[in-house]
Amino acid sequence: MKDHLIGSVLTSLMGISTCWWKRNHNTHHIACNSIEHDPDIQHMPLMAVSPRIWSKPFWSTYYEKWVTMDAFGQWAVGHQDYLFFILMAFARFNLYVQSLTLLLSRERVHFRKTEL
């Protein structure tokens, strides 16, 4: 508990939630490279890391939504080699949004007040 509290205080200064990171990271290791369950490979519609994403829509158990390939997604994935560095320049803002989304949700979160 003490380690988590220290991590929460330090990462809050950087804008990222320790609770969000642990939840995301642990889920990734439990269901590594499963397109339906692994949040670390669900970057649609901008990037695809598995050809299975093209085959049919799938239910993301982590984000609790259907993931589909539309025309924009097909274009973006087709050009992801050019878009990669542009996306990485803005990727940290997604981490901030994901952290806040978890902290403001009704889900049980340790040290919510500390991280907010």
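This report describes the fold, helix packing and selected residues of a predicted model.

## Overall fold

The chain holds 6 helices and 2 strands. Read from the N terminus, the order of elements is α-α-α-β-β-α-α-α.

Along the principal axes, the C-alpha atoms fill a box of roughly 45 × 25 × 20 Å. The chain has 116 residues, and 33% of them count as buried. Among contacts with a separation of 6 or more, 48% join residues 24 or more positions apart.

Helix 2 covers residues 18-30. Its 13 residues should span 18 Å at 1.5 Å a residue. The end C-alpha atoms are 18 Å apart, which agrees with that expectation.

Ser17 caps the N-terminal end of helix 2. One of its side-chain oxygens lies 3.2 Å from the backbone nitrogen of Cys19.

Five names make up the buried set in helix 2: Thr18, Cys19, Trp20, Asn24 and His28. The cover over these buried residues includes helix 1 (2-14), helix 5 and helix 6 (112-115).

## Helix 2 against helix 5

Two packed helices are described by the angle between their axes and the distance between the axes. Helix 2 and helix 5 (residues 80-103) pack at an angle of about 100 degrees, and their axes are 8 Å apart. Helix 2 is therefore roughly perpendicular to helix 5, because angles of 65 to 115 degrees count as such.

On the helix 2 side, the contact uses Cys19, Trp20 and Arg23. On the helix 5 side, it uses Leu95, Gln98, Ser99 and Leu102. By class, the residues of this contact divide into 4 nonpolar, 2 polar and 1 charged. Cys19 and Trp20 take part in this contact, and both are buried.

## Helix 4 against helix 5

Helix 5 also meets helix 4 (residues 71-78). The two axes come within 6 Å and cross at roughly 90 degrees. Helix 4 and helix 5 are therefore roughly perpendicular to each other.

Helix 4 contributes Trp75, Ala76, Val77 and Gly78. Helix 5 contributes Gln80, Asp81 and Leu83. The contact of helix 4 with helix 5 has 4 nonpolar, 2 polar and 1 charged residues.

His28 lies in helix 2. Its relative accessible area is 14%, so His28 is buried; the cut-off for burial is under 20%. Leaving aside neighbours within four places in sequence, His28 is in contact with Asp38, Pro39 and Asp40.

Leu87 belongs to helix 5. Neighbours within four places in sequence aside, Leu87 is in contact with Leu46 and Met47. Leu87 and Leu46 are 41 residues apart along the chain. Their C-alpha atoms are separated by 8.4 Å.

Ile6 is found in helix 1. With a relative accessible area of 42%, Ile6 is partly exposed. Ile6 and Phe90 are 84 residues apart in sequence. From C-alpha to C-alpha, Ile6 and Phe90 are 27 Å apart in space.

How values were computed:
Residues are numbered from 1 along each chain as its sequence is written. This is a predicted model: local features need pLDDT of at least 70, side-chain atom pairs count only at pLDDT 80 or more; totals for chains, interfaces and linings use all residues. Side-chain values use heavy atoms; hydrogens and water are left out. Axes are lines fitted to C-alpha atoms, for helices over the stretch in contact, and angles run from 0 to 180 degrees between N-to-C directions. Helices (H or I, at least four residues) and strands (E, at least two) are DSSP runs, numbered from the N terminus. Angles under 35 degrees count as roughly parallel, over 145 as roughly antiparallel, 65 to 115 as roughly perpendicular and the rest as oblique. Contact means heavy atoms within 4.5 Å. Ala, Val, Leu, Ile, Met, Phe, Trp, Tyr, Cys and Pro count as nonpolar, Asp, Glu, Lys and Arg as charged, and the others, Gly among them, as polar. The expected span of a helix is 1.5 Å times one less than its number of residues. Buried means under 20% relative accessible area, exposed over 50%, partly exposed in between (1.4 Å probe, protein chains only). A polar contact is a pair of N or O atoms within 3.5 Å; within protein, one must be able to donate a hydrogen and the other to accept it, and residues adjacent in sequence count only if both atoms are side-chain atoms.
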